Amino acid sequence: MNFRKMLIALPLLGWVSMTQAQPIPLSPSVKTGRLANGFTYFIKKNTEPQKRATLYLVVKAGSILETGNQLGLAHFMEHMSFNGTKHFPKNELVEYLQKSGIRFGADLNAYTSFDETVYQLPIPTDNAELLKNGLQIMRDWAGEATLDPAEIDKERGVVIEEKRLRKGASERLQAKLFPFQTNNSRYSQRMPIGTEKVLTTFKKADILSFYKDWYRPDLQALIVVGDVDLSAIEKQVKALFSGMENPKAEKPRTAYKATLLNKNRFIALTDPELNQTSVEIDFKTASLPQGTKAQYRANLLRNLTSQLLAGRLAELSKTPDAPVLNAEGGYQGVIKGIDALSVEYTAKEGKLKEGFDFVYGALKQIKESGFTNSEIERAKTAYLSQLEGLLREQDKQSSTGLADELKRHFLDNEPAPGIAYELGLVKQMLPGITAAAIRQEIQSLTGDHNRDIIITAPEYRKSELPNEATVNSWIAGQNNKTYAAYTDRTATGGILSHEPKAGTIQSETKDDLLGTTTWKLSNGATVILKPTTFKNDEIAFNAFSAGGTSLYSDQDFQSAANAAGIVTASGLGEHDYLSLPKLLTGKQAGVQPSIGERSQGMSGASSKADLKTAMELTYAFFTEPRKDSAVYNMIVSHSSQAIAGRYSSPNAVFQDTVAGVLSGYNPRRTGPTNEKIKAINLDRAYEIYKERFANANHFTFIFTGSFTPEGIRPFVEQYIASLPADINKGPEEAKDLGIRMPEGNIRKTVYAGTEDKATVMLLYHGDFKFSPEESTKLSALKDVVQFRMNERLREQEGGAYAPSVSFGREHDSNDRYQLTVSFGCAPANVHKLISAAKEEIGKIKAGNITADDLQKFKSEESRQLELSLQSNAYWLNYLSAKLQNGEDPHSLGGQAERIKNIDAKAIQDAAKKYLTDDLLEFVLTPKK
C-alpha cells in the first residue's frame, strides 16, 4: 500500500526490536518467482472485475539511463513498442487489441518515467486465445520490438507533438525549477520527454543501443492480476520468458539518486501567464527506506505528521482574516533519494510578507508546542476507518489497484502484505503514539539546513518580489517570536438539531427487468432502490427534482448558481465550516447538494455502517442549511482575485471565447467576471437555496449498492419520508432559456500566448430526436471518427499526439447533439490538419467504413457495456439520466443487440445526418 498517498498515517515507536527489523512478507495470495535469467513475476487471483485481468510489464529502465545522444529515447522506445514487434508487425498490435475490445489510450497504455517504463494491458480472460496473445504481447514488449526505421521516422512527429502539448507557463517554470528542486542531480538533465534535437536526428543505432542494454530480463517483471488460473498463468510465463537472455557484456544498472546539499537556497521566478503569487518552503530530507516493520513505522510517522500539518494549515487559512487564499502543507517525494516537508501558500493581494509570517508562524507554533491530542486522535480514528473500509472490500478491490501495488513493490520495495496484515500492524502501533513523538518528528524535518524557498509570480509583479536577504530577515523575525499553544476547536453534539418524525412508505413496485424496487412515500417523494453485490460496502445515491436556475431571472442567476456552493461551504445547522468536518471524522459518508440549470438535487455515498450519517446529512441539507457571511466574503474575495489574472492564460481566453460563441454570449454561459461575482447576494442565494429544497414532494431518490430494501427501509422512513413537502403542489418544470448554438459554418480564431502551439476544435451540432437506436448510431459514428482521426492525424500525418472525439447531448424542450473533434498541433499545420480531418469525415459520409471499423466499435462497446453493468456508479448515473430525461430505462436490455446490429450503412446515414454544414471551427494560436 502506498502510504505516501494515504490520508492519515501513524508514527514510529521509539524502539526497534529484532522482530521490527524483519522484512514484511509479501501477501501469500500472490504467486511470485524469479527465473534463472533474473526475470520476476507476480500473479494474483482477483475477480474485480470478473472475466478480466490486468497485465503489467515493468522495466527498471527510464530516462535516467540515457546517454547524451539518447535524450528522450527511453520514452520514444515506449512508443515504438506499439509500432511493430516480432509477432505483431507495424500497427497490427493496436489493431488486434482494438478489434478484441481493448481501447487504445483508455485501456492499452504505457508510461516512461526517470527510473522505469511500464506497459499496461487490461484484457478479457473469458477468451483463452486472447489471454494467451496478451501474454505474448508482454513477451514481445520485453525484448522483441522490431524498430523499423520507417516506423521510427513516422513516430518522430507524434512524439514532437506530445512534447509541444506541454509548452506553456508550467513547462517554462519547470525548466528553471526542476534543476533547483533536484539539487542539480542527473535527474535534472534527463527529462523523459527529451530534447527536440535528439528526437528529430537520432539514428536507429541510438535507440537500439538503449533497447539492448536495458530491456533485459534481470530488470523486468510481469504482473498479472485478475480472474485467472494462477498455475496455468505461471506455466505460460515460464514458457515465454525463460528463454530471454541478458546481454553478454551487461552494463551495470546504476541506482541513481539525488543527494542533499546541506545548505539553504532561494529562487524567485516570474511568467507572463501566471495570475497569482505563490510561495513554497521545502525542508528537504533523505528518503526513508521501506521493507521492514521499523521502516514501515518510520514512514507512517512522517505521513501522520504530514497530514496533521496539512489539516492545521487548511483550518488556519479558512479564518476570515487570514492573509492567504489558501495554505497547504505535507510530506512528499521530490525525486529518488530526496523527500521534503513542504508548506505552500497563495498570498492575498499585497500580502506576500503577511502570508509568509502567517504560514511560517504556524509552523513555528507546531515546532514549539506540537499538535493537540484531539487533532491526533482524529487522525488515528480516520486512519483506522480508512483501513477497515479497505479490509471490507478486500475481495472486491480493482485489479488495476492491486497491480499498481505490486509494481511499487518491485520498483521501490514497498510492502504489499495484504490489507489484513497491515491493519494488524497498525493496531499494534496505535497505543504507543504520543504527541511528543510527532512533535519531535516535525522538529527533525524542519531543521536549519536543506531548506529551499521558491517564489513564483506574474511577470508584472517582478519588481515587488523580495530577494533572499529579505526573506531570511522574515525567517529571523519569526524565529525570535514565541507562540502560545494552539487551541483546537472540537465538535460536539449530533448533525441534526432534532430527530425528525418518521414518515411512511405508501406503495411498493418491483421491476424484475431492472432489478429495482420503487417506493412512493407519504410526503410524495419517490425512492428507487437498486441493490447490487458489485462492492461489499458501498452505497451511492442521487436525488433530483426539476427546476434549477432556469426558474430565476438573469438578475438573480449568479446568486442562484452559487447558492449550493455557498451553503455547502458554510457548514450545517449548528456546526460551522470548521466544526462539521471534525464531527464527521472517521465517517465514510458524504453528501453534496447542487443547483444546476434545469434541476436541483443531492448526491452522496457511504459505507453500510455510516448510512445513517449520510441520511442525517441529507435531511440537514434540506432543512437546516447554514448561512455564514464570513464564508461568503471569503468566496467572493478569493474568486475576485482569481479572476483578476484569468486572461493571462491562453487556455482561459480560448475557453471563454468558445463558451461565448456557443451560447450567443448569454451571460449564463460565458466566463467569470468581477461583475458576475459582485452580483452574488448572500441573502438572495440563501433564500433561493431554501426555495429549491423546500418541497420534497417531487424529488426522486435513487440508491445503488450493498444494501437490502428491508435494511434501508428505516432510514428512508426516518430521513426521506419525513422531509417537508406540500403534496398538493404540482411539479415544477424547468424553463427553456432559448440558448442555442449558432447555425451555419462559423470560424473563430483566438490569438493568445507565445508558445509555438495551437489548439483546434471542430464542433458539429444540431437537433437530435432521441431513441436508443439513434443514440447507438451516434456512438458508433463517434468511435469511427475517432479511429480515423488517430489513423490520419496521428499515424499518417504525424501532426497530432492525441486527437479526441467526443459526443454530447443537451436536453430541454428539444434534444440537441454535438460531436467535437479536437487536437493540438503546430500553428503551421492547423489548416492542413483541419483539411485532413474534414477529408476523413467526407470519406465516412461517402460510405468508406471498413469491416475493421465495425469490429473495433462492436468489440470495444460490448466489452465496455459488460464492465459498466458491474458498476454502482454506472447504474446510478444511467437511472438518473433516463428518469430526468423522461426516457424508458428498460431500453438498456436491448443495447447489446443494438450494438451487434450496427452496420456500415447505419454509420454512413448517421454521418450524413449529423456531420452537416453546421460546423463551428475554433482555433487557438499564438499572438502574432
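Helix α23 (residues 709–719) lies across β12, β13, β14 and β20 (700–705), running at about 25 degrees to β13. This is a predicted model, in which local features need pLDDT of at least 70 and side-chain atom pairs count only at pLDDT 80 or more, while totals for chains, interfaces and linings use all residues. Residues are numbered from 1 along each chain as its sequence is written, and side-chain values use heavy atoms, with hydrogens and water left out.

**The sheet**

- Seven strands form an open, mixed sheet in the order β12-β13-β14-β20-β15-β19-β18; strands are DSSP runs (E, at least two residues; helices are H or I, at least four), numbered from the N terminus.
- β12 (505–511) and β18 (589–595) are the edge strands, each with a single partner, so one side of each has no neighbour in the sheet.
- β13 (residues 516–521) and β14 (residues 526–531) pair in the antiparallel sense over four bridges, where pairing requires at least two DSSP bridges between two strands.
- Thr517 has Leu529 of β14 as its bridge partner.

**Helices α1 and α4**

- The axes of α1 (residues 73–80) and α4 (residues 149–165) come within 10 Å and cross at roughly 120 degrees; axes are lines fitted to C-alpha atoms, for helices over the stretch in contact, and angles run from 0 to 180 degrees between N-to-C directions.
- The contact (heavy atoms within 4.5 Å) involves His75, Phe76, His79 and Met80 of α1 and Glu151, Ile152, Glu155, Arg156, Val158, Val159 and Glu162 of α4.

**Glu151**

- Glu151 of helix α4 has 4% relative accessibility and therefore counts as buried (under 20% relative accessible area, with exposed over 50% and partly exposed in between; 1.4 Å probe, protein chains only).
- Leaving aside residues up to four places away in sequence, Glu151 touches Met80, Asn83, Lys90 and Asn91.
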